[in-house]
Amino acid sequence: MPTDFSRRVYDLVSRIPAGQVATYGLLALLCGRPRASRIVGGLMACAPAGLPCHRVIYKDGTLSPEDIFGPGVQRMLLEGEGVPFLPDGRVDVSRCLWMLEL
């Protein structure tokens, strides 16, 4: 059964535009639970179909473990949206971090 927290997280994820990313911690913070980034990660692992979960990454730009999307799939989806990557394979968060417009 969905909780208020999970509904808020899923609503925020649905609003991340193509070409931008959000971190697990940012989503937790925006939902009023700044220490709940791991819970956000768990919610992404069981998110409803069609939610752009590939746009949610670790704070240092690291992608999700490959067993979540499949080898190379998350990077392929993000690159297809124009998300920039650093030479070491992490997302260049400084150039594409989503900022919620209030």
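Buried means under 20% relative accessible area, exposed means over 50%, and partly exposed lies in between (1.4 Å probe, protein chains only). The views below come from a predicted model, in which local features need pLDDT of at least 70, side-chain atom pairs count only at pLDDT 80 or more, and totals for chains, interfaces and linings use all residues. Residues are numbered from 1 along each chain as its sequence is written, and side-chain values use heavy atoms, with hydrogens and water left out.

**View 1. Cysteine 31 in the loop between H2 and H3.**
Cysteine 31 counts as buried because its relative accessibility is 7%. Helices (H or I, at least four residues) and strands (E, at least two) are DSSP runs, numbered from the N terminus. The C-alpha atoms of cysteine 31 and aspartate 92 are separated by 24 Å, and the two residues are 61 apart along the chain.

**View 2. An aromatic pair of tyrosine 24 and tyrosine 58.**
Rings of Phe, Tyr and Trp (its six-membered ring) pair if their centres lie within 6.5 Å; planes under 30 degrees apart count as stacked, over 60 as edge-to-face and the rest as tilted. By this rule the model has 1 aromatic pair. Tyrosine 24 and tyrosine 58 form an edge-to-face pair, with 5.1 Å from centre to centre and 65 degrees between the planes. The pair links distant parts of the chain, 34 residues apart: tyrosine 24 belongs to helix H2 (residues 24-30), while tyrosine 58 is in the loop between strand S2 (56-57) and helix H4 (66-69). Tyrosine 24 is buried, at a relative accessible area of 11%, and tyrosine 58 is partly exposed, at 36%.

**View 3. The largest pocket and its lining.**
On a 1 Å grid over the protein atoms alone, a cavity is a set of points where a 1.4 Å probe fits but cannot get out, whereas a pocket is an open set with protein on both sides within 12 Å along at least five of seven lines; lining residues have an atom within 4 Å of a point. Grid points are joined across faces, edges and corners, and a volume is the space filled by probe spheres set on the points. The largest pocket holds about 390 Å³ of space. Its lining has 18 residues, and Tyr24, Ser37, Arg38, Gly41 and Tyr58 lie nearest the centre. H2, helix H3 (37-45) and H4 are the elements that give two or more residues to this lining. H3 gives the most, with 6 residues. The lining divides into 10 nonpolar residues, 6 polar and 2 charged. Here Ala, Val, Leu, Ile, Met, Phe, Trp, Tyr, Cys and Pro count as nonpolar, Asp, Glu, Lys and Arg as charged, and the others, Gly among them, as polar.

**View 4. Arginine over phenylalanine, at arginine 33 and at arginine 75.**
A charge sits over a ring if NZ of Lys or CZ of Arg is within 6 Å of the ring centre and within 35 degrees of the ring normal. The charged end of arginine 33 is 4.7 Å from the centre of the phenylalanine 5 ring. For arginine 75, which lies over the face of phenylalanine 85, the distance to the ring centre is 4.1 Å.

**View 5. Glutamine 74 in helix H5 (residues 73-80).**
Glutamine 74 counts as buried, with 3% relative accessibility. A polar atom of the glutamine 74 side chain lies 2.9 Å from the backbone oxygen of histidine 54.

**View 6. Arginine 8 in helix H1 (residues 4-14) and leucine 30 in helix H2.**
Arginine 8 is partly exposed at 39% relative accessibility, and leucine 30 is partly exposed with a relative accessible area of 37%. Their C-alpha atoms are separated by 8.9 Å, with the residues 22 apart along the chain.

Methods. Polar contact = N/O pair within 3.5 Å; in protein donor to acceptor, adjacent residues only side chain to side chain.
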